[in-house]
Amino acid sequence: MTAIRPNHAHSNSHDHLDHHSDPTLYRTPADAAIAPPEKLAYVVGFDRSARRPDALFTVDTDPLSPSYGRVVSMVEVPGLGDELHHFGWNACSSALQHVGHHRAERRYLLAPGLRSSRLHVFDTQPDPARPRLLKVIEPEELAAKAGYSRPHTLHCGPTGVFLSCLGDAEGADGPGGVALLDHTTFEVQRAWETDRGPQHLAYDVWWHLRHNIAVTSEWGTPSMIEEGLVPELLLNRAYGHALHFWELDSGTHLQRLDLGDEHQMVLELRPAHDPEAAWGFVGVVANVTDLSASVWLWHRERDSGEFSVRKVITIPAEPAEAAGLPPVLRPFGAVPPLVTDINLSVDDRWLYVSAWGTGELLQYDVSDPFRPRRTASVRLGGIVERAPHPTAPGVPLTGGPQMVELSRDGQRVYLTNSLYGAWDDQFYPQGIEPWLVKLDAETARGGLALDERFFLHGDAFHGRRIHQTRLQGGDASSDSYCFR
């Protein structure tokens, strides 16, 4: 195992700050939290039938606006069957320390097609309420220059835009990994990894900038996920169950932490926003021994400099009558929580956990990250319960809390309900009717309340299912910070 060493190249110098005029590139997490609140949200939607193009939707989030809680624009992509999934900004606050990225602005949204391997670039200027499609990068470029397919998650990074990918160039197997894109043109440069060690499966990528450490997680190769969850692979413990730590500047693998192969699908990474911290949370979808889900904390050991991981939250499965379960779950007589997303507030105080299976969003106080304390929860949808929104108490909701996005000040939580088309069909065979909701968060002692004015559903998204939300000016999962 290669020793993990910190990087001392980053300093608290403000040398790069004068090169940036975009006020949404924040010097510190505290600066981000007190900046003006978002007035728009961007949401990607996909057509499960692949008969209509996928689209980027813009939603009004200004409570004083007459169109509050409504879609104000839609821009379609040119192809079919893309399945827009995760997407992100071309630049975030980490650009304040990126060499060669002195004129960065948070302007472009990059939206990969998880099924098509196409990458779509949207320009949110000059009118942020009406983005336009600027360019499309074809899958052949991603395959030829980086050797990858099935792009999943992206973040603005030190040497380019980091784009995590699930598959190899052929699009069925692995290894998956990270492609680097040019900050300005978004052309594919190369694969980021120079020595991948034992890493084969891929999912998310994030980092601790000031420690020169990157972290990646594991789901499965395209052949393992594209037709839905494969029960045999799950029971044989073949999905991802490890974290990988890397030297960020060189792409060299340093350490693998196995969570235990009973813990299947190690997904969303949420590192601490404090740039001096070297810890973070990761969600695990399911324990095959009891169908529970969990959240784990990775942290750096002071003495050795290496990383350790421990389980800090366990969410049990809930008993259910077999008749009320989809076929994939009937043999188990229970509904699993299926933790499919987590999010950490910019002040590193509050952790939100989406239990897509049981239909619950949970809030935890993580002031002490080693000992999270549950403070609130809200039920919406769920495989069995199908809990309604209070504005439509007679309408059972399909899907459940899935992608959770949090405003920079921590006071607003946005939820969507679709996971991934083929997996939606298995766990919600009656279909997924899209919904986007907002909750108001109590940030002093904890608490959640649904905003009854903000409930987009029915035909709001023109027949598309919706997955991830990004907020104007940045949000809790889009930025890493360089200064305290």
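Buried residues are here those under 20% relative accessible area, exposed ones those over 50%, and partly exposed ones those in between, with a 1.4 Å probe and protein chains only. The structure is a predicted model, in which local features need pLDDT of at least 70 and side-chain atom pairs count only at pLDDT 80 or more, while totals for chains, interfaces and linings use all residues. Residues are numbered from 1 along each chain as its sequence is written, and side-chain values use heavy atoms, with hydrogens and water left out.

The overall picture comes first. The secondary structure comprises five helices and 30 strands, where helices (H or I, at least four residues) and strands (E, at least two) are DSSP runs numbered from the N terminus. For 484 residues, a compact globule would have a radius of gyration near 23 Å, and the 21 Å of the chain agrees with this; the radius is taken over C-alpha atoms, and the globule rule is 2.2 Å times the number of residues to the power 0.38. Along the principal axes, the C-alpha atoms fill a box of roughly 60 × 50 × 50 Å. Of the 484 residues, 65% are buried. Contact means heavy atoms within 4.5 Å, and among contacts between residues at least 6 apart in sequence, 60% join residues at least 24 apart. The chain exposes about 17,100 Å², of which carbon and sulfur atoms supply 49%; accessible areas come from the Shrake-Rupley method with a 1.4 Å probe, and for residues only the protein chains shown count as cover.

Side chains of opposite charge can pair when their charged atoms come close. A search of the whole structure finds 34 salt bridges, each being a side-chain nitrogen of Lys or Arg within 4 Å of a carboxyl oxygen of Asp or Glu. One of them joins Arg 118 to Asp 82 at 2.9 Å, N to O. This pair links distant parts of the chain, 36 residues apart: Arg 118 sits in the loop between strand E5 (108–112) and strand E6 (119–123), and Asp 82 in the loop between strand E3 (71–76) and strand E4 (88–89). Both Arg 118 and Asp 82 are buried.

A salt bridge also joins Glu 83 and Arg 115, at 3.3 Å from N to O. Since Glu 83 lies in the loop between E3 and E4 and Arg 115 in the loop between E5 and E6, the pair ties together parts that are 32 residues apart in sequence. Glu 83 counts as buried because its relative accessibility is 4%, whereas Arg 115, at 23%, is partly exposed.

Arg 150 and Glu 226 form another salt bridge, with their closest N and O atoms 2.4 Å apart. Arg 150 belongs to strand E8 (residues 148–157) and Glu 226 to the loop between helix H3 (222–225) and helix H4 (231–235), so the pair ties together parts 76 residues apart in sequence. Both Arg 150 and Glu 226 are buried. Elsewhere, salt bridges that share partners join Glu 318, Glu 360, Arg 374, Arg 379 and Glu 385 into one network.

His 299 lies in strand E18 (residues 293–300) and, at 10% relative accessibility, counts as buried. Leaving aside neighbours within four places in sequence, its contacts include Trp 279, Phe 307 and Phe 370. Leu 248, in the loop between strand E14 (242–247) and strand E15 (252–258), is buried with a relative accessible area of 4%. With the neighbours within four places again set aside, Leu 248 is in contact with residues including Phe 162, Trp 192 and Trp 207.
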